[in-house]
Amino acid sequence: SRVQSHLVAAAAAAAAAAAAAMGSWNTFVENMMSGGDSKDCAIVGIKPISIWASHPNGNMSGITPQQIDAILCVDRGALQRNGVLLGKKKYTVIQDHLSDDGMMVIKGKSDSEDQRCNVVIGKCETAIILLEGNLPHVKSTLNTSVKKMIEYLKECKM
């Protein structure tokens, strides 16, 4: 249909703009990582799903479209029961307000690390931001960083 063609064209244009801005997305990741509390980060486009930028060699550089679909799913109870897989790490959902205010906090402990960590996830119209840090930083620095980035993207009509 004509409406569907328009939506596909709009999604393609957004993806092209995101690809053109890839260098600047890497700068955003570098800035989010620079505070010392962060250990991994990714900016992922959701229309269509693609990694716009991620921390080099970080676990989040291996996030799959299926994993992002799981985060964005309508059945929020399934996330609470099953947890979230990002890259090769499994996380437990602590707070899920992604549908309400665009923010979600998950925590995890990977099999290969003894260190516990948290991930803050923020969502806007076209992307999600994932920022991981060691406990107890989630309540302060990580939340603030992700919220500022989401606010910026919303101001840019993204």
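Salt bridges in a predicted model

The structure, a predicted model, holds five salt bridges.

User: Which residue forms a salt bridge with Lys 47?

Analyst: Side chains of opposite charge can pair when their charged atoms come close. Here the closest N and O atoms are 2.7 Å apart, within the 4 Å that a salt bridge requires. The partner of Lys 47 is Glu 125.

User: How many residues apart in sequence are the parts that Glu 125 and Lys 47 tie together?

Analyst: Lys 47 sits in the loop between β1 and β2 (49–54), and Glu 125 in the loop between β6 (117–123) and β7. The pair therefore joins parts whose separation in sequence is 78 residues.

User: Is Glu 125 buried, partly exposed or exposed?

Analyst: The relative accessibility of Glu 125 is 52%. Exposed means over 50%, so Glu 125 counts as exposed.

User: Which strand holds the salt-bridge partner of Lys 39, Glu 132?

Analyst: The side chains of Lys 39 and Glu 132 meet with N to O at 3.7 Å. Lys 39 lies in strand β1 (residues 38–46), and the pair ties together parts 93 residues apart in sequence. Glu 132 lies in strand β7 (residues 127–134).

User: Is Glu 132 buried or exposed?

Analyst: Buried means under 20% relative accessible area. Glu 132 has a relative accessible area of 1%, so Glu 132 is buried.

User: Which residue is linked with Lys 39 and Glu 132 in a network of salt bridges?

Analyst: Lys 39 and Glu 132 form a salt bridge. Both also belong to a network of salt bridges, and the residue linked with them there is Lys 89.

Key:
Residues are numbered from 1 along each chain as its sequence is written. This is a predicted model: local features need pLDDT of at least 70, side-chain atom pairs count only at pLDDT 80 or more; totals for chains, interfaces and linings use all residues. Side-chain values use heavy atoms; hydrogens and water are left out. Helices (H or I, at least four residues) and strands (E, at least two) are DSSP runs, numbered from the N terminus. Buried means under 20% relative accessible area, exposed over 50%, partly exposed in between (1.4 Å probe, protein chains only).
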